[in-house]
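Good morning, and thank you for coming.

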Amino acid sequence: IAQHFNGALFQDTPDRVVLETRILPYFQLDDSVKRILFIGCDWYTAGYARLTAHKEFWTMDPDAGRANYGAPRHQVAPMRTMRSLVDKVDAVICNGVIGWGLDDPDEAEASFAAAYDVLNPGGHLVLGFNDRPPHNPFQPEDLPSIRRLQSSAFPSLGTAEYRVDHELCHVYRFYRKIDA
């Protein structure tokens, strides 16, 4: 893979740099986060299991062809089915999925309701999405399942919403599950 991508095992877009240098390392160092579920895989996610080597790291993607880019604990399934595939987790990271396959609001609602259900109390949801057409088919804050979570400043960024300035206007939003 590295030879095919000129030695790069990570995608060097500004949004991925934030994920790989600020978000994933925070979870790696946070002792309260033991289990992480990462939604959506592609060639540039192949090294994420190494970035979280001291955690139980799961990946999930509905495309069986992307399983090679997932963690050893990978599930080939749509996000909405995670309740039946993984136990409780301390963090769900869903980045670059809305508008890139998760386009239907009803499917998204079922998917984020499942994420809510698998999160432990106090668990984190990291939602990364592009805020520019055609990759913003709906507003995440319009989903009832997202409104059940509390917006929360992410410690390594100091904000509950972090906008990455590039052509797709990538946004990270950070949430916590407060109730049981």
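Predicted model: local features only at pLDDT ≥ 70, side-chain atom pairs only at ≥ 80, totals over all residues.

The largest cavity holds about 40 Å³ of space. A cavity here is a set of points on a 1 Å grid over the protein atoms alone where a 1.4 Å probe fits but cannot get out. Grid points are joined across faces, edges and corners, and the volume is the space filled by probe spheres set on the points. The structure has 1 cavity of 30 Å³ or more.

Residues are numbered from 1 along each chain as its sequence is written, and side-chain values use heavy atoms, with hydrogens and water left out.

Which residues line the largest cavity? They are His124, Ser152, Ala153, Phe154, Pro155, Phe174, Tyr175 and Arg176, where a lining residue has an atom within 4 Å of a point. By class, 5 are nonpolar, 2 polar and 1 charged; Ala, Val, Leu, Ile, Met, Phe, Trp, Tyr, Cys and Pro count as nonpolar, Asp, Glu, Lys and Arg as charged, and the others, Gly among them, as polar. Strand E8 (residues 170–176) gives the largest share of this lining, 3 residues. Strands are DSSP runs of E, at least two residues long, and helices are runs of H or I of at least four, numbered from the N terminus.

Strand E8 runs antiparallel to strand E7 (residues 161–164), and 4 bridges join them; two strands pair if DSSP finds at least two bridges between them.

As to the cysteines, a search of the whole structure finds 0 disulfides, a disulfide being a pair of cysteine sulfur atoms within 2.5 Å. For cysteine 41, the nearest cysteine sulfur, that of cysteine 94, is 11 Å away. For cysteine 169, the nearest is also that of cysteine 94, 19 Å away.

Finally, the largest pocket contains about 610 Å³ of space. A pocket is an open set with protein on both sides within 12 Å along at least five of seven lines. Its lining has 31 residues, with Tyr44, Asn95, Gly96, Val97 and Trp100 nearest its centre.
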